[in-house]
Amino acid sequence: MRTDDLRGGTNRTNVSLNAFAMPDGLAMRYDLPGVSLRETVSGYATYAARDRAEMINWFLPAPPMICVLLDAGPVSITLRQHRFNVDRVSLYGPTSRAFRATTNGGIQVGVGLTALGWIRLVPLSSSALHNRVLPLRTIMSEALSDSLLNSLLALVDETEIAATLDAILTPLFANEHPYDDIVRRFTELMLVGGVIEIADAADRLALSSDTLRRVATYAFGMPPKMLLRRARFLRSFIGLLSSGGIQAYDRIDSSYHDASHFLRDANDFLGTTPRRFMAQGTTFMTASLVARAAAIGAPAHALHAQTP
């Protein structure tokens, strides 16, 4: 599959191609995984840039992702003070800070992993990869890494991406995990407005705070307080973006005491104010909020609960 051949779109029916509109030379598509994967894989994202000049894009904090570089590279990720050179097939751990991607054109295919997907697929705690990017082969197997890369390289039609990934991934998520039920219920709870205290979350889930903390750290990569704060901030931030009013703070989550409280979270999760963050390179991020919402049902990976 060549960069020039990728037009963008989705395998979800009845979605307008206008949702995937990009500047000339850029393309994006979001595909639904097969039905049996929709608890474990949040979606497939494909980005393409025809120009081989260096491009900077910032992305919001997110759950884990497998990233496959087809004819793309070099690619590097800067996260806080750390810089990671991205392998042809990489595993991005869960992030609690916006990160900068430096790319040089080509096609990248991302496989979004839910927390349920992580615990069924990856044989270690998600916290081990918090704010890190590593070659997939060092965590999983060389065979899986090669299979993902070679199968995608062999494609000539972008509409075959989802089916190709489905075929490789489906057997890998078959075995249930003891944390499945807690992870499902906490995933839903993270998206409930106003829920921010661990004791409240544990009470709603009928768990002890210690159990919730242990499961959240293992499956989601962070303590429950951080996860609840991240979800609250992203709901509010994306709500402001969609309303066109980056400072219309009356639209933020009800659990924020005031605008300054929200801006402190912005500094923690974005590293700056919302206005300054959006003034940086956010071409793909901004477009992906629209495209992902149309194809997958939630504008951001971290706000994903159910795939339609």
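**Entry 1: T164**

I began with T164, which, once residues up to four places away in sequence are set aside, touches S151 and L155. I was working throughout on a predicted model. I placed T164 in helix α4, which covers residues 161-169, and then looked up where its side chain goes: it reaches the backbone oxygen of E160 at 2.7 Å. Is T164 buried or exposed? I noted a relative accessibility of 16%, and because buried means under 20%, T164 counts as buried.

**Entry 2: the nonpolar core**

Next I turned to the largest nonpolar core, which has 107 residues, and asked which of them touch the most other members. The residues I wrote down were I66, L148 and F186. I also looked up which element supplies the largest share of this core, and found helix α8, residues 224-243, with eight residues. As background I noted that in soluble globular proteins nonpolar side chains tend to be buried together.

**Entry 3: the cavity**

How many cavities of 30 Å³ or more are there? I counted one, and for the largest cavity I noted a space of about 670 Å³. Its lining is made up of 42 residues, and those lying nearest the centre are Y30, Y47, F59, M65 and F99. The elements that give two or more residues to this lining are the strands β2 (41-49), β3 (55-59), β4 (65-69), β8 (99-103) and β9 (106-113), together with helix α11 (283-295). Of the elements, β2 gives the most, with seven residues.

I sorted the lining by class as well, and it came out as 28 nonpolar residues, 13 polar ones and one charged residue.

**Entry 4: L134**

Last I looked up L134, which lies in strand β10, residues 133-135. I finished with a distance between L134 and I107, which are 27 residues apart in sequence and, C-alpha to C-alpha, 19 Å apart in space.

Terms used
Residues numbered from 1 in each chain as written. Predicted model: local features only at pLDDT ≥ 70, side-chain atom pairs only at ≥ 80, totals over all residues. Heavy atoms only, no water. Core = buried A, V, L, I, M, F, W, Y, C linked by side-chain atoms within 4.5 Å. Buried < 20%, exposed > 50% of the residue type's maximum accessible area, 1.4 Å probe, protein only. Helix = DSSP H or I, 4+ residues; strand = E, 2+ residues; numbered from the N terminus. Polar contact = N/O pair within 3.5 Å; in protein donor to acceptor, adjacent residues only side chain to side chain. Contact = heavy atoms within 4.5 Å. 1 Å grid on protein atoms, 1.4 Å probe; cavity = no way out; pocket = protein on both sides within 12 Å on 5 of 7 lines; lining within 4 Å. Points joined across faces, edges and corners; volume = space filled by probe spheres on them. Nonpolar A, V, L, I, M, F, W, Y, C, P; charged D, E, K, R; others polar.
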